Amino acid sequence: PLMAANRVIQLDHQTRGRFMFGVGPGLLPSDAFAMGIDPSTQRDRMVEAIEVILRLFAGERVTHKTDWFTLVDATCQLRPYTWPHPEIAVASSVTPSGGKLAGRHGFGMLCVAATQAGGYDALGINWKIANEVAAENGKTMDPARLRLVGPVHIAETREEAFANVKFGLEKWQNYFGSISGAVDALAAD
């Protein structure tokens, strides 16, 4: 969390406040396994880390020990350029956990499954949950900070777009199809 906080603050300064810090537990179990991480721990670790990062952004000296990191009197090298910190948006897909975290801290939401049937269907539910949790925590969700994420490729013509993505599209479909049903509809097109 200390290294992440320092890097985010550096980017916040370099971009003069045009930086958004997106957080998420990680979508791909294969990536977690490749790094020796149990995927079932990722969500709790993300929450634990972002709560420490918020304290670091606020200028606190943090001592915090967990099973995966230890900070001893840690502090950031700079204070954020954007006050109190850069915009933070949390990934939200089908489960309500992203919406709950967004509501608790007033973060924006990155709806990363917005172009998938299950993800699109969950948008309203997750936004409602985020608003309820925000109200419980004395915060208000800003609809301008609700973002829908989906793959897009732009070309001069439809034919050119298909030609551009032909190389690698099948590999991409196979990879993501093996870890989720996210690309089943694309494969049919």
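How many salt bridges does the structure hold? In this predicted model, local features require pLDDT of at least 70 and side-chain atom pairs count only at pLDDT 80 or more, whereas totals for chains, interfaces and linings use all residues. Residues are numbered from 1 along each chain as its sequence is written, and side-chain values use heavy atoms, with hydrogens and water left out. The structure holds 6 salt bridges, a salt bridge being a side-chain nitrogen of Lys or Arg within 4 Å of a carboxyl oxygen of Asp or Glu.

The chain contains 7 helices and 6 strands, where helices (H or I, at least four residues) and strands (E, at least two) are DSSP runs numbered from the N terminus. Their order from the N terminus is α-β-α-α-β-β-β-α-β-α-β-α-α. Along the principal axes, the C-alpha atoms fill a box of roughly 55 × 35 × 35 Å. Of the 189 residues, 33% are buried; buried denotes under 20% relative accessible area, exposed over 50%, and partly exposed in between (1.4 Å probe, protein chains only). Among contacts (heavy atoms within 4.5 Å) with a separation of 6 or more, 55% join residues 24 or more positions apart.

The largest nonpolar core comprises 33 residues. Such a core is a set of buried Ala, Val, Leu, Ile, Met, Phe, Trp, Tyr and Cys residues joined through side-chain atoms within 4.5 Å. Helix 3 (42–57) is among the elements that give two or more residues to this core, and helix 3 provides the largest share, 8 residues. Residues with the most contacts inside the core include F21, I50, F57, I88 and F107. Beyond its neighbours within four places in sequence, I88 is in contact with F21, V23, I50, L54, F57, F107, G108 and R145. In soluble globular proteins, nonpolar side chains tend to be buried together.

Strand 3 (70–74) also contributes to the core. A74 lies in this strand and is buried, with a relative accessible area of 6%. With residues up to four places away in sequence not counted, A74 touches L2, L56, E60, R61 and V62. D73, likewise in strand 3, has phi near 50°, a positive value in a residue other than glycine, and is partly exposed at 43%. Phi of R16 is also positive, near 50°; R16 occupies the loop between helix 1 and strand 1 and is exposed, with a relative accessible area of 61%. In the loop between strand 3 and strand 4 lies P84, and the peptide bond from W83 to P84 is cis, with omega near 0°.

Among the salt bridges, R55 and E60 meet through their side chains at 2.9 Å, N to O. Both R55, at 28% relative accessibility, and E60, at 34%, are partly exposed. A further salt bridge pairs E87 with R145, the closest N and O atoms being 3.2 Å apart. Because E87 lies in strand 4 and R145 in the loop between helix 5 and strand 6 (146–148), the pair ties together parts that are 58 residues apart in sequence. E132 and K128 form a salt bridge of 3.1 Å, N to O, and both lie in helix 5, 4 residues apart, about one turn of the helix. E132 is partly exposed at 39% relative accessibility, whereas K128 is exposed at 52%. Salt bridges that share partners also join E87, R145 and R147 into one network.
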